Amino acid sequence: MTTFISAPFGNYLKFKNATSVTGTWTYQPRPGLLKQIFKTLRYTNQGWRNKLGLRNAGINYGLKKTNSNEVLSIAAIDKYDWINLDSIIPSNQNIELNISCPNLEVHQDTTNFKGFDLWTNRIAKWCIIKVPPIASYELLDKIVDLGFTQIHASNTLPTDKGGLSGKVLLPYTKRIIEYLKSKYNHIEVIAGGGIQKAWHAEYYKNLGADHISIGTACFNPYKVWKIVNKNDF
């Protein structure tokens with residue numbers, strides 16, 4: 001089982017026994033990250049909420065900041081972005097395709113964008129699709145039918161005030177794991193949402209998850225270190 005440090009925390013947190021995911025990077029830079037953090041990042045009784053909206057320095061910067069053994073998280077905003085990103089990113093670079101940011105000005109199914117199917121030709125170890133918690137079974141089937149074999153469940157939950165992460169994702173992630181594992185034996189599932197202790201990871205493993213992704217716990221790096229090294233059962 002691989003433990004991933006979810007983007008954007010993977011930009012800053014590096015652990016010997018975990019794989020950092022950097023990003024999420026877009027084809028063109030989207031400035032204003034710090035402003036959005038101060039303006040929208042809030043803790044609620046359900047978890048952390050934000051409206052960062054994929055603010056980042058762009059894919060060229062992301063490639064410089066991502067090591068070959070790390071995972072590069074990317075997202076498409078315009079209809080030709082998957083093609084443009086594919087032309088820039090080396091085929092042996094580990095990637096995660098984020099198809100579900102809830103905080104963009106326009107919500108689109110980017111699996112319909114030109115060139116999305118190109119990413120099944122990667123030779124890297126990791127070519128992960130990060131799906132929304134409310135992903136339909138039809139969307140999951142489509143991703144598998146295209147030839148993708150690694151699915152991350154899940155991204156933040158869309159709300160009127162921004163994407164919500166944390167324990168609120170647990171039933172959504174559980175639903176996706178159980179569906180994929182009941183229908184597709186060959187699919188590797190990465191589970192995330194509400195992992196605060198090592199036994200939470202074991203819970204997802206018992207549901208059928210192959211790997212885990214740690215997100216909101218990363219606000220406390222020591223807590224993440226304990227999970228990664230299984231020192232907090």
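Two strands pair if DSSP finds at least two bridges between them. Helices are DSSP runs of H or I with at least four residues, strands are runs of E with at least two, and both are numbered from the N terminus. With that settled, strand β6, residues 95–98, and strand β7, residues 127–131, pair in the parallel sense over 4 bridges. Within that pairing, Asn98 has Lys130 of β7 as its bridge partner.

Some bookkeeping. This is a predicted model, in which local features need pLDDT of at least 70 and side-chain atom pairs count only at pLDDT 80 or more, while totals for chains, interfaces and linings use all residues. Residues are numbered from 1 along each chain as its sequence is written, and side-chain values use heavy atoms, with hydrogens and water left out.

Now the overall picture. The chain has 7 helices and 12 strands. Of its 233 residues, 54% count as buried, where buried means under 20% relative accessible area, exposed over 50%, and partly exposed in between, with a 1.4 Å probe and protein chains only. Contact means heavy atoms within 4.5 Å. Among contacts in the chain with a separation of 6 or more, 66% come from residues 24 or more positions apart.

Next, the barrel. It is closed by 8 strands in the order β1-β2-β5-β6-β7-β8-β11-β12, and the pairing is parallel. On average, neighbouring strands of this sheet are turned by 25° against each other, direction ignored. For angles, axes are lines fitted to C-alpha atoms, for helices over the stretch in contact, and the angles run from 0 to 180 degrees between N-to-C directions.

Take β2, residues 19–25. How many of the residues of strand β2 are buried? The count is 7 of the 7, so the strand is largely enclosed by the rest of the structure. On one side, β2 pairs with β1, residues 3–5, in the parallel sense over 2 bridges, with Phe4 opposite Thr19. There are also 3 bridges from β2 to β5, residues 71–74, again running parallel, and here Trp25 stands opposite Ile74.

At the end of the strand order is β12, residues 211–214, which holds Ser213. Ser213 is buried, at a relative accessible area of 5%. Leaving out residues up to four places away in sequence, Ser213 touches Phe4, Ser6, His152, Ile190, Ala191, Gly192, Gly193 and Ile195.

On to the helices. Helix α5, residues 170–183, packs against α4, residues 137–146, at an angle of about 50°, with the axes 11 Å apart. That makes α4 oblique to α5, since angles under 35 degrees count as roughly parallel, over 145 as roughly antiparallel, 65 to 115 as roughly perpendicular, and the rest as oblique. Tyr137, Leu140, Asp141 and Val144 of α4 make the contact with Arg175, Ile176, Tyr179, Leu180 and Lys183 of α5.

The other neighbour is α6, residues 198–207, which packs with α5 at about 30°, the axes 9 Å apart. That makes the two roughly parallel. From α5, Leu170, Thr173, Lys174, Ile177 and Glu178 meet Tyr203, Tyr204 and Leu207 of α6.

Finally, where does α5 lie relative to the strands? It lies across β7, β8 (150–153) and β11 (188–192), and runs at about 170° to β11.
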